[in-house]
Amino acid sequence: MTDENPVAKSAFFFIRMKPCVIPDTPRYGLTVTKRTFKFAVQRNRAKRLLRDWIRFNEKRLRGDMDYVFIARRGILDATRDDGRAAMARALTYLKKNPKPQPKDAE
């Protein structure tokens, strides 16, 4: 099974995007799992950081796409500025390259 949805990767998160259900209304969801973050404090911090970075980079979201942000363990060691810069790079990449990355590009 091939995945046709574009993905951007960072040390702090993954971003997956797919076409919007409602045009010109980009939505996003956050995934922060217990398997990755054992304690609720860690999960809440990861979600708080992701929301801040998304708000800061909101102008980079494509209006015709929905996004899912998946937190990685490294997010807990990230500074606010590092995260904002990583989010900007990832969203810019997705905006310019709407095709999925090849599986062996990792």
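Read from the N terminus, the elements of this protein follow the order β-β-β-α-β-α, and in this predicted model they amount to two helices and four strands. The four strands form an open sheet with mixed pairing, and both helices pack on that sheet, H1 touching S2, S3 and S4 and H2 touching S1, S2 and S4. A search of the whole structure for salt bridges returns four, and some of these share partners, so that Asp52, Arg80 and Arg84 are joined into one network.

- Of the 106 residues in the protein, 36% are buried.
- The accessible surface comes to about 7000 Å², and carbon and sulfur atoms account for 52% of that surface.
- When contacts between residues at least 6 apart in sequence are considered, 79% of them join residues that are at least 24 apart.

**The sheet**

- The strand order across the open sheet is S1-S2-S4-S3, with strand S1 (7-9) and strand S3 (28-31) standing at the edges; each of these two has a single partner strand, so one side of each is left without a neighbour in the sheet.
- From one strand to the next, the twist of the sheet averages 15°.
- Strand S2 (residues 13-19) is paired with strand S4 (residues 65-71) in the antiparallel sense, the pairing running over seven bridges; within it, phenylalanine 14 has isoleucine 70 of S4 as its bridge partner.
- On the other hand, the pairing of S3 with S4 is in the parallel sense and extends over four bridges, while tyrosine 28 is found opposite tyrosine 67 in S4.
- Strand S4 is largely enclosed by the rest of the structure, because five of its seven residues are buried.
- As a general point, the side chains of a regular strand alternate between the two faces of the sheet.

- With 17 residues, H2 reaches 24 Å from its first C-alpha to its last, which is close to the 24 Å expected at 1.5 Å a residue.
- The buried residues of H2 are Gly83, Arg84, Ala86, Met87, Ala88, Ala90, Leu91 and Leu94, and what covers them includes S1, S2, H1 and S4.

- In general, side chains of opposite charge can pair when their charged atoms come close.
- Aspartate 52 and arginine 80 form a salt bridge in which the closest N and O atoms are 3.0 Å apart; this pair links distant parts of the chain, since aspartate 52 belongs to helix H1 (residues 40-56) and arginine 80 to helix H2 (residues 80-96), 28 residues apart.
- A salt bridge also connects arginine 84 with aspartate 52, here with the closest N and O atoms 3.1 Å apart; arginine 84 lies in helix H2 and aspartate 52 in helix H1, so this pair ties together parts that are 32 residues apart in sequence.
- Aspartate 52 has a relative accessible area of 13% and is therefore classed as buried, the cut-off for that class being under 20%.
- Arginine 84 is buried as well, with a relative accessible area of 17%, whereas arginine 80, with a relative accessible area of 48%, is partly exposed.

**The salt bridge of arginine 62 and aspartate 64**

- The side chains of arginine 62 and aspartate 64 also meet in a salt bridge, with an N to O distance of 2.9 Å.
- Arginine 62 is buried, with a relative accessible area of 17%, while aspartate 64 is partly exposed, with a relative accessible area of 38%.
- The network formed by salt bridges that share partners consists of Asp52, Arg80 and Arg84.

How values were computed. Residues numbered from 1 in each chain as written. Predicted model: local features only at pLDDT ≥ 70, side-chain atom pairs only at ≥ 80, totals over all residues. Heavy atoms only, no water. Buried < 20%, exposed > 50% of the residue type's maximum accessible area, 1.4 Å probe, protein only. Contact = heavy atoms within 4.5 Å. Areas by Shrake-Rupley, 256 points an atom, 1.4 Å probe, with all protein chains shown as cover. Pairing = 2+ DSSP bridges. Axes fitted to C-alpha atoms, helices over the stretch in contact; angles between N-to-C directions. Expected span 1.5 Å × (residues − 1).
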